[in-house]
Amino acid sequence: MRLRLQDSRVYKVLIINYMECGIFCIFATLWQNYTFRSLPILEISTFSETLGIIKTVNKMIKEKIISAYELMAEKYNELIDHKPHNAYYDRPNTLQLLPNVSGKIILDAACGPGKYAEILIEKGATVIGFDISPKMVELAKKRNKEKGTFFVHDLSSPISMIETNSCDIVLCALALHYIKDWTFTIREFHRVLKDKGTFVLSIEHPFNDYIFFKSKKYFEVENAKCTWKGFGQPIEVNSFRRPLNECITPLTDNGFYIDKLVEPKPTIEFEKLDPRHYKELNEFPAFMCIRAIKRIGDE
Ligand SMILES: C[S@@+](CC[C@H](N)C(=O)[O-])C[C@H]1O[C@@H](n2cnc3c(N)ncnc32)[C@H](O)[C@@H]1O
């Protein structure tokens with residue numbers, strides 16, 4: 001129908017209708033946005049913003065961890081052969097969980113300056129090692145001369161350079177406490193291991209960390225930090241404190257069974273170098289070592 005603009009009655013009615021319609025539309029839009037859209041949109045954006053903040057914070061923590069290890073790498077390498085907590089506490093207890101390594105392919109994840117690799121190569125293993133700290137990787141290469149393969153890599157990224165079902169053993173010593181969520185890393189270890197392959201790890205003991213960091217949230221995985229004074233200048237080291245359950249479930253939920261768990265004690269050499277900590281470690285564990293085996297099928 002064509003409107004005759006000169007027809008003022010029709011014009012008025014139309015204007016009123018149009019205004020009513022507009023007001024109705026405005027109210028309807030506001031109401032709909034408020035009831036059906038605004039709230040979820042607000043929730044979604046808050047959720048994604050929170051996720052974004054968490055990611056940024058975790059990235060910052062990772063950068064701090066890298067800087068700390070870059071800073072201490074030389075000194076760490078210099079001391080690692082005889083530093084009591086490593087040489088006479090972690091290493092003997094972790095190494096005793098490995099099967100015979102001769103002729104085996106071992107992935108040394110977070111290899112540091114390659115001390116474990118050196119021992120394992122000496123025993124006849126082929127070692128592939130990686131670490132997030134470029135300086136650590138350089139030192140691992142230097143320590144092991146032409147033997148072994150070492151590269152810079154992050155435990156939380158896909159180890160795509162390593163084939164599926166290609167390793168006999170994965171070793172991850174004193175490093176998983178730098179990873180907040182273990183799921184992805186454990187799945188990657190599971191992927192690269194052959195069936196029934198062995199995964200050996202050592203970490204800071206969850207009970208010791210709970211006390212040391214004076215946590216009030218046992219069941220949470222929390223960012224924790226402390227200052228290390230044993231590697232030259234004082235260095236702040238960030239890590240993630242976690243409950244025992246968060247050390248076991250990521251393994252059992254992702255294709256491993258726990259074969260052995262060790263709450264280590266220091267060897268006698270420790271006592272001569274550091275009698276105070278020797279006594280303490282004989283009373284309460286600071287580390288925990290686990291041997292897990294890759295399950296096959298529905299095992
Ligand atoms: C305490 S040192 C242990 C080194 C070696 N496994 C050993 O026991 O001699 C921890 C190592 O983990 C490495 N690291 C920390 N976060 C990492 C990550 N996200 N990916 C790979 N390596 C990491 C550090 O650079 C450091 O070399």
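This is a predicted model: local features need pLDDT of at least 70, side-chain atom pairs count only at pLDDT 80 or more; totals for chains, interfaces and linings use all residues.

Visitor: How many helices and strands does the protein chain have?

Guide: The protein chain contains nine helices and nine strands.

Visitor: And what share of its residues is buried?

Guide: Of the 299 residues in the protein chain, 36% are buried. As for contacts between residues at least 6 apart in sequence, 68% join residues at least 24 apart.

Visitor: Let us turn to the ligand. Which residues are the closest to it?

Guide: The closest are A110, G112, I132, L155 and Y178, and 20 residues surround the ligand in total.

Visitor: Which helices supply at least two residues each to that shell?

Guide: Helices α1 (8-79) and α3 (115-122) each supply at least two residues of the shell.

Visitor: How do the shell residues divide into nonpolar, polar and charged?

Guide: The shell around the ligand comprises 14 nonpolar residues, three polar and three charged.

Visitor: New topic: where is C172 found?

Guide: C172 lies in strand β4, which covers residues 167-173.

Visitor: Why does C172 count as buried?

Guide: C172 counts as buried because it has 24 C-beta neighbours inside 10 Å, and the cut-off for a buried residue is 20 or more.

Visitor: What does C172 touch, leaving out residues up to four places away in sequence?

Guide: C172 touches A109, A110 and L201. A110 is also one of the residues closest to the ligand.

Visitor: And how far is C172 from F199?

Guide: The two are 27 residues apart in sequence, and their C-alpha atoms are 7.9 Å apart in space.

Methods:
Residues are numbered from 1 along each chain as its sequence is written. A residue is near a molecule or strand if its C-beta atom, placed from the backbone, lies within 6 Å of it. Helices (H or I, at least four residues) and strands (E, at least two) are DSSP runs, numbered from the N terminus. Ala, Val, Leu, Ile, Met, Phe, Trp, Tyr, Cys and Pro count as nonpolar, Asp, Glu, Lys and Arg as charged, and the others, Gly among them, as polar. A residue is buried if 20 or more other C-beta atoms lie within 10 Å of its own, exposed if 12 or fewer, and partly exposed in between; C-beta atoms are placed from the backbone. Two residues are in contact if their C-beta atoms, placed from the backbone, lie within 7 Å.
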